[in-house]
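Here is a short briefing to read alongside the sequence and the 3D view.

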Amino acid sequence: MTEPYWRSPLHLSTSVGGGPSNNTAYPTFGFASPWSETPARNQAMVTKRDFLKIELNNPMNALSASPDQTRVVVGGHQGTYLIMLKTFRVTEKGAEEEMNLRYRNNDNKQSINDVKWGNQHSKNKIAAASNNGYILLWDVGGGRGKLDRTIGEQGRAINKICVNPMQGSLMLCALQDWTIQMWDLRDRGRAKVTFHGRANSVRDVQFHPSNSTEFIAAFDNGMIQKWDIRKPNLYEKRLFAHTNSALTVDWHPDGNKVASGGVDKTIKIWDMNSDDNKPTELIPCIAGVARVQWRPNQVDEIASCSFKKDNRIFIWNIKRPYIASYFFDEHEDTPTGILWHDTHVLWSCSKDRTFIQQDIRTKSHRQIDLLNKCGIGWNVYDRLAFAIDKPAVEDNSILDDLNQIRRSQRRLSPGASDSGVLEIALKSQKYRSSQTWKIVQLLFSKDTLEKTEDEEKKLVTNSDNSNLTLFKNKSINASPKISTKSLGENNNNNTIQNVDHPKEKVSDGMQEIFKNEDSLSESEESDEFVTDENREKENIPATQPPPHSNLIKMTSKLVQPTLKSAVRLVWDHEPIMDSLLEYYAEQGDVQMCVTLVLVLNEKLKVDEDCVERWLFSYIELLHRFQLWIPASAIISSCKIPSVRVKNQEATTIYTTCNNCFKPIINSHNGFWVCDKCQKLLNPCSTCHQIVKGLYSWCQGCGHGGHLAHMSEWFQKSAECPTGCGHYCVHALFDKEHS
Amino acid sequence: MSEHDCYRILFFQMSANIFDTGHEDLIHDVAFDFYGKRLATCSSDQRIKVWEHNSKMNSWETVDTWKAHDCSILKVTWAHPEFGQVLASCSFDRSVCIWEEQENEPRNSGRRFVQRARIQDSLKSVQDIEFAPNILGLKLAACAADGIVRIYEFLEVTNLEDYTCMDEFEINPGSITKEVDGHYCISWCPSRFNPPMMVVGCGKEAKIFRQDGQSKWQAYEVLSGHEDTVHDVSWAPTMGRLVSPHYFLFSEDQHVRIYKITSDRTRYLAELLCSFRDHNVEVWRVEWNVTGTILSSSGDDGKVRLWKAADGEWKCMSILSYDRQSEHSEM
């Protein structure tokens, strides 16, 4: 199977694993370009590097590699009086400690902020910047390290140092005191040049990878500045890059782009050749960005780590800013230094006292693999929404399906107990439901004899009910059958009559429900449904042919015995009804269950808990359809107390004070006074007292009070007593006359 | 219902409605609200969009779009409307946010949904959230990659800033998990007649958690038999079914499995009903319809499969996909 498209960054052709062939893309130069591969190094790139974790004794603050990328130095501090650097020789097999450089000093607050390995002339030098303004220079030539000298002066902390990749003797220091100093390591004197950024503390500084005269600096106020060392008076370009401190900058190896990261949780990519002061790309990160470094040989990829909260090292593709391409999750504390050894191997040191070598091919994780790429949602109208992606287009879309699959479970099916329902069910192509109702009719039709009288009365009274025609049919249909059957059933009549009274109430409620449901189904199904139905009719002319054989088989099983037993006195309908209800319950058709239960009421002996569950589910369904009236009709027509209380408890009216609009809570003052603003709520407009009992008010302006006071006032005046200018009496008068 | 309708669907062209969301990266979740009139989408572009259906135009219109998190938003979910228009979202940035609609703010102003709470208890990304059934009040369960499920309760609906972490339990006690190793998902049992329960998918198994006598959450039943990570679990709506048959389901690598949970007074039994490998790719999400009769699953192949029980046997009844060439859905 081909790799899914979302693995690769959106609409982007990356040169993953480009390796040596990509070398030409970059100018080759000394130390700062680990991607200038020697043949031996290419070999190393092909073989995967083992994961390597070296436990150190102290939290580490920075790391740097020797120009030939075989050795690495990490810097930290031990205790309060000892600055220490450790160098390792890292080979394919592992790493061995080479030197342990220590510096004991008397300043107990001193620590290492940055460490850099020199190159070219200074390739045997290691510079370590401390937070009290000194740079310690070690000479590591000949396999032994000794402190060469200390440069700088007591002052504010040095945040970062950078060695010029073309001229190893030039070194830049980013100082906390708003300046950048340049030193020449051959010269044992003072700082060669001082650049005044006039911005804020300098957080990071870096030479251009191929132009030895340019460098870039990041400042605490979010600015980044580009300088030319030949013009120490003013920066060449400045960018207001971040809304908070800019902590790190990194030149792209191509020399045109600069990446900057800041406390404002963003990495921004700048084109240094354009005059535009907007970033070309912006990568939002989870936490503030402490370090960024471009991945060698991968034009668009950049590694970053944060200074707190997050221990992961992310590798982003700038073309896909939202999802990191890879991340490493090996450190147990925040990483403080990251460095690409080659295209795939990343070195890092961390506050968790470790130095780690990790290979992107073995140890990295893809964020995309952890993300769910599919979203689906169902709604009550059987719409299914799912997210789809169009890799060719930038936007994602949602496919929103209106499907009719579950129409059978729609509201449509029920009706009152007998053939009325049957017809509705038939009409709506609910053959199974109609069969059910037919069975119910057969089973319980003895009752309908009595019912018909009641219902005919109802016909007269509620002539506007749309369902009535159906009911009429029902009575007509039902009565002949009943007349044949009712011969032997007289002895049952007494009990049935008793039952009929509550039942009538129910069917009243039910009629309303069905009316609503009919209208619902009409609106819901809309014209599509009609066309479906038509099509259906064309395909299947009669309702009986083969497609339904299953149903018929099933129902005939039920129907036949009932027909045979039609002459018997006692119907054994309980098991049938039980299996029927069970079937519908299993299907999730709570509507059918609830209707059966409500219509047949006490003639059915169903477990009350079960009915309660059906009712709650059905009521929730009706609520989902926003059918409040049918829902409350159901609630009030059922007999289960826990359901009935729903209608009594579920209404909440939130009141707010009309002065301060804060909610009114029933306090010791009752509801008369607002606790927040200590004012009376709706006092009488004339006497300014609380109105208890009858409150009469003008509907025009909303002011009012005690009825006696109001009538007294309006005998004298037509205007509102509050002086709002409204002519309340006229309004009253007009209303009466119109 | 059923067989007949199942066949019929094959004759009908589905009417699919496709709309561009304007999200700039992958959409990770879509969620309908209780009434099905609104849709919330969340994406890797750190934004949540809320859509409302315009029935006249039969189109979806944005209510608002806003930047909600600092990283990919993994899930978005609506609270029951009795608590107001409240959304919860969780993200890779390790936080859970609660959003509430402000009716008086204009649409598409970016201010219509205000952040009521930002819960940052987890040290790893929060992978799944779900509101408890409304009968339990406004409670939110969140499970994070650190292997801990946290249950938050919002005591006052008018003051969503005020939340407390009611419960916190480890899914696999004693094991420390890394971001990438832990993949957890969660689903509440929707039944109001059972004690609160939830199923948590953790690695290669899923566990049913309930409260014990001291109201501590304990894993009681373990559903095992998975070869790979469980990606999603979804408890079917009970629809008044007895306490016993809750179906529920999960998907894992390439498989969709449906379990039937039955109870005999003291404990619950999980019975594997069926297991499908139709997708043949990783399955990421499973979702039941409102009545719990149809199951939809979607996987890496970009297709949605619908599953339905016909005569007690679960079958794939249709495959929905979006055909890019012909610009309409194929059956």
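In H10(A), A:Leu615, A:Tyr618, A:Ile619, A:Leu622 and A:His623 meet A:Pro630, A:Ala631, A:Ile634 and A:Ile635 of H11(A). Contact here puts the C-beta atoms, placed from the backbone, within 7 Å of each other. This is a predicted model: local features need pLDDT of at least 70, side-chain atom pairs count only at pLDDT 80 or more, and totals for chains, interfaces and linings use all residues. Residues are numbered from 1 along each chain as its sequence is written, while chains are lettered from A and ligands numbered from 1 in the order in which they are written.

**H10 against H11**
- (Nonpolar covers Ala, Val, Leu, Ile, Met, Phe, Trp, Tyr, Cys and Pro; charged covers Asp, Glu, Lys and Arg; the others, Gly among them, are polar.)
- The axes of H10(A) and H11(A), residues 628-637, come within 8 Å and cross at roughly 160°. (Axes are lines fitted to C-alpha atoms, for helices over the stretch in contact; angles run from 0 to 180 degrees between N-to-C directions.)
- That crossing makes H10(A) roughly antiparallel to H11(A). (Angles over 145 degrees count as roughly antiparallel, under 35 as roughly parallel, 65 to 115 as roughly perpendicular and the rest as oblique.)

**H9 against H10**
- H9(A), residues 590-600, and H10(A), residues 608-624, have axes that come within 9 Å and cross at roughly 120°.
- The two helices are therefore oblique to each other.
- Residues of H9(A) in this contact include A:Val590 and A:Val597; those of H10(A) include A:Trp614 and A:Leu621.
- By class, the H9(A) contact with H10(A) has nine nonpolar, two polar and no charged residues.

**Chain A overall**
- Chain A has 14 helices and 33 strands. (These are DSSP runs numbered from the N terminus: helices are H or I, at least four residues; strands are E, at least two.)
- Of its 738 residues, 44% are buried. (Buried means 20 or more other C-beta atoms within 10 Å of the residue's own, exposed 12 or fewer, partly exposed in between; C-beta atoms are placed from the backbone.)

**Positive phi**
- Most residues other than glycine have a negative phi.
- A:Trp178 has a positive phi of about 75°. It lies in the loop between strands E11 (170-175) and E12 (179-184).
- A:Trp178 is partly exposed, with 18 other C-beta atoms within 10 Å.
- A:Asn297 has a positive phi near 70°. Its loop runs between strands E22 (289-294) and E23 (301-306).
- A:Asn297 counts as buried, with 26 C-beta neighbours inside 10 Å.

Methods
Two residues are in contact if their C-beta atoms, placed from the backbone, lie within 7 Å.
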